[in-house]
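This report describes a ligand site and the charged pairs of one protein. Please keep the sequence and the structure in view while reading.

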Amino acid sequence: MELRIQNRPIEEADADVLVLPAFEKDAPREAGVLKQADQLTAGWVEEVYASGEFTGKFGEIALLHRPAGFAARRLALAGCGKPGKFDAAQMRKIAGTVVRNLKGRSVRSIALVADVAYAAEAFEGALLGEFEPDRYKTDETEKKSVEVFSLVGAVDEAALARGRVIGESQNFTRELANEPGNRLPPFVLAERARAMAAGAGLECEVLDQDRMRQLGMGALLGVAQGSAEPPCMIVVRYRPEKPAAEGVHLGLIGKGVTFDTGGISIKPSERMEEMRADMAGGAAVLAAMRALAVLKPSIAVTALVPAVENMPGGRAQRPGDIVKSLSGKTIEVLNTDAEGRLILADALTYATQLGCTHLVDVATLTGAIAVALGNVNAGAFSNHDALLERVLGAGRAAGEKIWPMPLDEEYREQLKSVFADIQNIGTRYGGAITAAMFLKEFVGETPWAHLDIAGTDWVAEAKPFLAKGPSGVAVRTLIHLALAW
Ligand code: BES
Ligand code: MN
Ligand code: ZN
């Protein structure tokens, strides 16, 4: 989708549909674009409110064909809710809603009148609304898409560039996370990362199985051994030209399980297909790097994605197996479905070995986080208050909901193993927390935060502003985190 700025009067805006924001009980009587539109259309705006067909409730759309006095072929009102409540997050959603609603009506170009303060979010939202997980549909007539999305007004070119790279990067995650297991085994994820890095001017290194064996990544290799698809560790580097925050080296670690069957502790088949998105965390850190290459934060950032497939089979890891992690700690694998923490353990240790001073991992780690927080908030865990505050602040700035979760030492009890240094599962209680406690064991003293996105990475029912499928959550938070350092 092409993004444009049309800095001209609304009557001259060029599009199939010109969209005006309209609030609840908003009066075209007041000054502004609605009044102007009302006058040009001989009272259509007043009438559509008076009729009750349109109330301004968030997400409502009313359409007028061939509006008198406008260059645009249609005029639309987009309900923006209560005026006092409108913010950047609402802007993103209404732009997405407009795109999704109108593309269903064969509209090819949209021009939206928007508050210039929220221009970047409007472009982001439009791109997010445009995305459809329809890559494997062959009937082109079924595919709906908007070709041009414009903002009307004195919008900054920088806001457009920023909105574009953030929106496109989040869609890059959604595209990757939606790839079926057969289309995206670990080596293909690595190829996609390589292509992204080459395009963005970033350095990309991929460690193969032999290299990981030499290094001693026994926890990761144990998960991978049941699959015919070899694992790999994807490393993407961004280095600032002039580092401002001296010495800061942020490590972004993303879970990259390209398909999670559970292994020998196999999952029920119902909705197992959603486990193709078990690399959503990995895709999120890669997407963040894609954006950072353009937005250029002043700190060094390294992304690490341990990529494996978790399968049962004759060579698969068994419950009760004991593996030796890169950290040297031994792990009793009591449940092969708790595989994310095993691969992340080695990736986190490796990140500290590479010199990362701060670590943030993103993972579809536990069903338990969805029990705790539903599909609204991602859970955040940390061993460092200041870093946690940064992450929560980045989430707020990016319009992604993240809620802090506890990590008291008492939870560590559950991971005590009789036969090894630690076991990979606790009890049914506090499952998201014991998973995070497990990860904490492998970061040493390094400030670290963990985002469990298992409840938020997948949109189960299409929303007015977002298609069904992977949400691309955490990408925007990671971008804001690095930029705000
Ligand atoms: N990938 C899953 C977690 C998950 C569940 C993600 C639902 C998205 C939606 C993870 O590997 C897993 O299987 N976790 C287990 C841990 C348990 C065995 C301790 C879980 O949550 O059941
Ligand atoms: Mn699992
Ligand atoms: Zn998993």
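Which residues are the closest to ligand 1? The model under discussion is predicted. In this model, 15 residues surround ligand 1, and the closest of them are Lys-267, Asp-278, Asp-337, Glu-339 and Gly-367.

## The ligand and its surroundings

Ligand 1 sits in the largest pocket. Sorted by class, its shell comprises seven charged residues, four polar residues and four nonpolar residues.

In the side chain of Asp-278, an N or O atom is 2.9 Å from a nitrogen atom of ligand 1. Leu-365 takes part through its backbone: an N or O atom there lies 3.4 Å from a nitrogen atom of ligand 1.

On its own, ligand 1 has 520 Å² of accessible area, and the protein covers 73% of this area.

## Salt bridges

Side chains of opposite charge can pair when their charged atoms come close. The structure contains 29 salt bridges. One of them joins the side chains of Glu-175 and Arg-135, with a distance of 3.8 Å from N to O.

Where in the chain do Glu-175 and Arg-135 lie? Glu-175 belongs to helix α5, which spans residues 157-178. Arg-135 is in the loop between α4 (119-130) and β6 (148-152). The two residues are 40 residues apart, and the pair thus links distant parts of the chain.

Technical notes:
Residues are numbered from 1 along each chain as its sequence is written. Chains are lettered from A and ligands numbered from 1 in the order in which they are written. This is a predicted model: local features need pLDDT of at least 70, side-chain atom pairs count only at pLDDT 80 or more; totals for chains, interfaces and linings use all residues. Side-chain values use heavy atoms; hydrogens and water are left out. A residue is near a molecule or strand if one of its heavy atoms lies within 4 Å of it. A polar contact is a pair of N or O atoms within 3.5 Å; within protein, one must be able to donate a hydrogen and the other to accept it, and residues adjacent in sequence count only if both atoms are side-chain atoms. Accessible areas come from the Shrake-Rupley method with a 1.4 Å probe; for residues, only the protein chains shown count as cover. On a 1 Å grid over the protein atoms alone, a cavity is a set of points where a 1.4 Å probe fits but cannot get out, and a pocket is an open set with protein on both sides within 12 Å along at least five of seven lines; lining residues have an atom within 4 Å of a point. A molecule sits in a cavity or pocket if more than half of its atoms lie within 2 Å of its grid points. Ala, Val, Leu, Ile, Met, Phe, Trp, Tyr, Cys and Pro count as nonpolar, Asp, Glu, Lys and Arg as charged, and the others, Gly among them, as polar. A salt bridge is a side-chain nitrogen of Lys or Arg within 4 Å of a carboxyl oxygen of Asp or Glu. Helices (H or I, at least four residues) and strands (E, at least two) are DSSP runs, numbered from the N terminus.
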